[in-house]
Amino acid sequence: MNTYFKNQLRGYDVVLATLGGFSEDICRNCIGLSGAQTKVIKGLKKLRMDLEGSLIPEMEKEKILIRVESFLKVAEGLKLAEEVSCQKTSSLCKIGPGCFPLGALELMNQITEPTTSPEKEVRKMAKLICEVCGAEEPIPVVH
Amino acid sequence: MLKVSPVADYPTEAGCFLRGNDYSPVAVVVLLNAPYGTLPPEVQSIPPEIEKLVRVAIETGAALSGTLQTENIGIEKIVCNVVGNPNIRYLILCGKEVSGHNSGTALKALIKEGINDKRTIVGSQAVTPYLFNTPLGAIKRFRGQTTLVDLTEEMNSEIIAKAVWSCYQENPTPFQGLSLCDPGAFVETGLSCRLTWKVKHPEEIESWEIDGEFLKKIKEPLEKKVGEPMKGNERIVSLTKRLLKVTEELAGIARLCIEELERPEEALREKSLEEVKPQLPIPIREEPLTEEELYFVNQLRGYRGVLAAFKALDRDICHDGCSLPAAVISASKRLKNLKVSLDKSFLPDKKKEKIRKELEEFEEALQGLPQDTSQPCQKTVGNCTIGSGCFANASLDLLKLVTEPALRSNV
């Protein structure tokens, strides 16, 4: 499996599990968890877009896509109260300035390699430009 | 002097305002002069002079104090929040007029003239002074309940403070040619309304909303066909077809009504399944009474996440590595120390027992995770390619997010 996608999937797996763990606590009522959920969903959707534009083999793409979709389902199914608010502001969370859901999200920062997503499929059409009039001409085919 | 409680969900609409004393008779609206077409004020920085006015008003004793930018939604939010609190009898309008929106003149015109049958503020110079979303009753109440103290173009915080102060005096107090005092709450109870009122009451159609042109089009085929009125059988067939369609729709509605009446529980359940997202039980934790108890509660909260992360890593290549076992061992040691601290603590036995039970559950879960540190590092063998970071160590570091109460020496 492509290294970039493999690492991202590993990261999201642990982040989602951690968020799931925190959702069993008062974080369920917290805007921090809700924000982390949104970020994970966005990240996964971006991963899906990167995947769709990448040049990796179709079979591998499909495998990764299945995992991305399953993670999306997990992320969307995170236990969250209908109305959330910062639990620190409500004086229910007294762990200090830190925030568990955001901390969980930062686990993704452990991934530092590869730095960018795999090369996307780029199609360029080569053209010749006439030196005299500037008109574009197709490249002559050599038989 | 009569004072009443605002409606339960007061202030019903969110916005850029501060909430002060609910029993104060005055609300302050500071015009937010931002260029027409810019993003809503929530996502922009409020100029410091505006912020100061809002602050001064609330600190002087206003019930609500906030900014106004738009001549439609902004005013509607003010209406909703004011009618929710019958104690509010004055509306102080200050700040520089909002260019493009002319929200100040719109608000003044609303209080003075009201709206016409197309829900447009009469006499407003604003571009779109439409109040489409608030109930007519609320607009009527707003106009009856409040008196405008017009301080448009005023940016002096001292004058605003004086105006607020004058409004809550028990005896008539002169202020800029007005005689202000707190008249007590409005005679009628507060109204709880929101901008989304029409979403919940789509049946409340006002006559002006019915498209006359559309009605004309429906009528036309009956009366004319290629310029000629329909006659005889042709007219009867057209009428009958229309009646048939109306009957079908009415039958559908009747069926729904019967079902709901005959099987109210099922109908309710079906409805709730369709419309209402199942509510999850919200975790309730008794609020720790002492700092000592809070310390243990916070640690437990941290372990819950760490454990979930470890379990996920155990399903991954970390299972065969050395970092996860090392992290698990470290977590176990900390947990043991925590248990010792718990035993030494002065918490009541019942609470101790409860915390100990959770600690033991975590300990048991940790026992089920790999603890063989002799396994090769997955980076060294080339399986882990995430870079210099390590998921297992970072997961354990989640416990470091707990910084309060201060770490106990014996842990």
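Reader: What pLDDT does chain B average?

Author: Since this is a predicted model, confidence is the place to begin. Chain B averages a pLDDT of 82, and 80% of the residues score at least 70. For the complex, the predictor gives an ipTM of 0.82 and a pTM of 0.48.

Reader: How many helices and strands does chain B have, and what share of its residues count as buried?

Author: Chain B has 13 helices and seven strands, and of its 411 residues 35% count as buried. Contacts can also be sorted by how far apart the partners stand in the sequence. Among the contacts in chain B with a separation of 6 or more, 77% are between residues 24 or more positions apart.

Reader: Which residues of α5(B) are buried, and how do they lie around the helix axis?

Author: For a helix, one lists the buried residues and then looks down the axis. In α5(B) the buried residues are B:I160, B:A163, B:V164, B:S166 and B:C167. Seen down the axis of α5(B), these buried residues fall within an arc of 165 degrees, and therefore they line one face of the helix. Their cover includes β2 (26-31), α1 (48-60), β4 (90-95), β5, β6 (173-175) and β7 (178-180) of chain B.

Reader: What do the buried residues of α3(B) pack against?

Author: The buried residues of α3(B), among them B:T105, B:L107 and B:L110, pack against β2, β3 (64-68), α2 (73-83), β4 and β5 of chain B. Just after α3(B), B:G114 takes a positive phi of about 85 degrees.

Reader: Which residues does a cis peptide bond join in chain A, and which in chain B?

Author: The angle to read for a peptide bond is omega. In chain A a cis peptide bond joins A:E113 and A:P114, with omega about -15 degrees, and A:P114 lies in the loop between α4 (100-105) and β1 (127-129) of chain A. In chain B a cis peptide bond joins B:E404 and B:P405, again with omega about -15 degrees, and B:P405 has its place in the segment after α13 of chain B.

Reader: How many residues of chain B are in contact with chain A?

Author: An interface can be read by counts, then by elements, then by residue class. 32 residues of chain B are in contact with 31 residues of chain A. On the chain B side, the elements that give two or more residues are α10 (291-314) and α13 (391-396), and α10(B) has the largest share, eleven residues. By class, this side of chain B has 16 nonpolar, nine polar and seven charged residues.

Reader: Which residues touch the most other members of the largest nonpolar core?

Author: In this core of 63 residues they are A:V15, A:A104, B:F310 and B:L313. The elements that give two or more residues to the core include α1 (3-22) and α4 of chain A as well as α10 and α11 (323-344) of chain B, and the largest share, eleven residues, comes from α10(B). A:A104 touches residues including A:V15, A:F22, B:G305 and B:L398, leaving aside residues up to four places away in sequence. A second, separate core of 53 residues includes B:A27, B:C80, B:V83 and B:C167.

Key: Residues are numbered from 1 along each chain as its sequence is written. Chains are lettered from A and ligands numbered from 1 in the order in which they are written. This is a predicted model: local features need pLDDT of at least 70, side-chain atom pairs count only at pLDDT 80 or more; totals for chains, interfaces and linings use all residues. Helices (H or I, at least four residues) and strands (E, at least two) are DSSP runs, numbered from the N terminus. A residue is buried if 20 or more other C-beta atoms lie within 10 Å of its own, exposed if 12 or fewer, and partly exposed in between; C-beta atoms are placed from the backbone. Two residues are in contact if their C-beta atoms, placed from the backbone, lie within 7 Å. Ala, Val, Leu, Ile, Met, Phe, Trp, Tyr, Cys and Pro count as nonpolar, Asp, Glu, Lys and Arg as charged, and the others, Gly among them, as polar. A nonpolar core is a set of buried Ala, Val, Leu, Ile, Met, Phe, Trp, Tyr and Cys residues joined through C-beta atoms within 7 Å. The arc is that of the directions from the helix axis to the C-beta atoms. pLDDT is the predictor's confidence in each residue, from 0 to 100.
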